[in-house]
Amino acid sequence: MSEFYAVGEPAAPMATVSTSPVVSPGFVYVDLHDERVQDVLGRIRRAIQEKYPSAGFSSYIGTQPLGVYLEVYTDGDEFRNVLRILDDSFGDLCTAAGVAVCVLPRQRAQAQAA
């Protein structure tokens, strides 16, 4: 929960705004900092880092389909192995708030010598 205050009145809250994900037909609000979203992303990262300690991660909100996206970067082509870890550990991925989590395994780009 976040609190907003009027300027000059730091002791009196104006309104309390929830950071919980909200999905309705006309409105979508998902906060990547929500503790439930971070819990799911953290569990996924830990499961992948057990096998791939040098894996890199990038998360964002995507719309096709709507959900939290987590890109996983590994040194080799580990697409099937990363998906196997997820399938063995989690099955269907969804936050406690009902927002889908989409994991996208990627191969890390290699720097080329000049």
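Predicted model: local features only at pLDDT ≥ 70, side-chain atom pairs only at ≥ 80, totals over all residues.
**Exercise 1.** Describe the aromatic pair formed by Tyr60 and Tyr69.

*Solution.* A pair of aromatic rings is described by the distance of the centres and the angle of the planes. Rings of Phe, Tyr and Trp (its six-membered ring) pair if their centres lie within 6.5 Å; planes under 30 degrees apart are stacked, over 60 edge-to-face, and the rest tilted. For Tyr60 and Tyr69 the centres are 5.5 Å apart and the planes 10 degrees apart, which makes the pair stacked. The count by this rule is 1 aromatic pair. In the strand pairing, Tyr60 stands opposite Tyr69 in E6.

**Exercise 2.** Work out the strand order of the open sheet and find its edges.

*Solution.* Strands (E, at least two residues) and helices (H or I, at least four) are DSSP runs numbered from the N terminus; two strands pair if DSSP finds at least two bridges between them. The 3 strands are ordered E5-E6-E7, with mixed pairing. E5 (56-63) and E7 are the edge strands: each has a single partner, so one side of each lacks a neighbour in the sheet. E5 and E6 run antiparallel, joined by 8 bridges, and form a hairpin with 2 residues between them. Gly62 stands opposite Gly67 in E6.

**Exercise 3.** Identify which residues touch the most other members of the largest nonpolar core, and which elements contribute to this core.

*Solution.* Such a core is a set of buried Ala, Val, Leu, Ile, Met, Phe, Trp, Tyr and Cys residues joined through side-chain atoms within 4.5 Å. Among its 18 residues, Ile44 and Ile48 touch the most other members. Two or more residues each come from helix H1 (35-51), strand E6 (66-74), helix H2 (79-89) and strand E7 (101-107). H1 gives the largest share, 6 residues. Beyond four places in sequence, Ile48 has contacts (heavy atoms within 4.5 Å) that include Phe57, Val72 and Leu86.

Technical notes. Residues numbered from 1 in each chain as written. Heavy atoms only, no water. Buried < 20%, exposed > 50% of the residue type's maximum accessible area, 1.4 Å probe, protein only.
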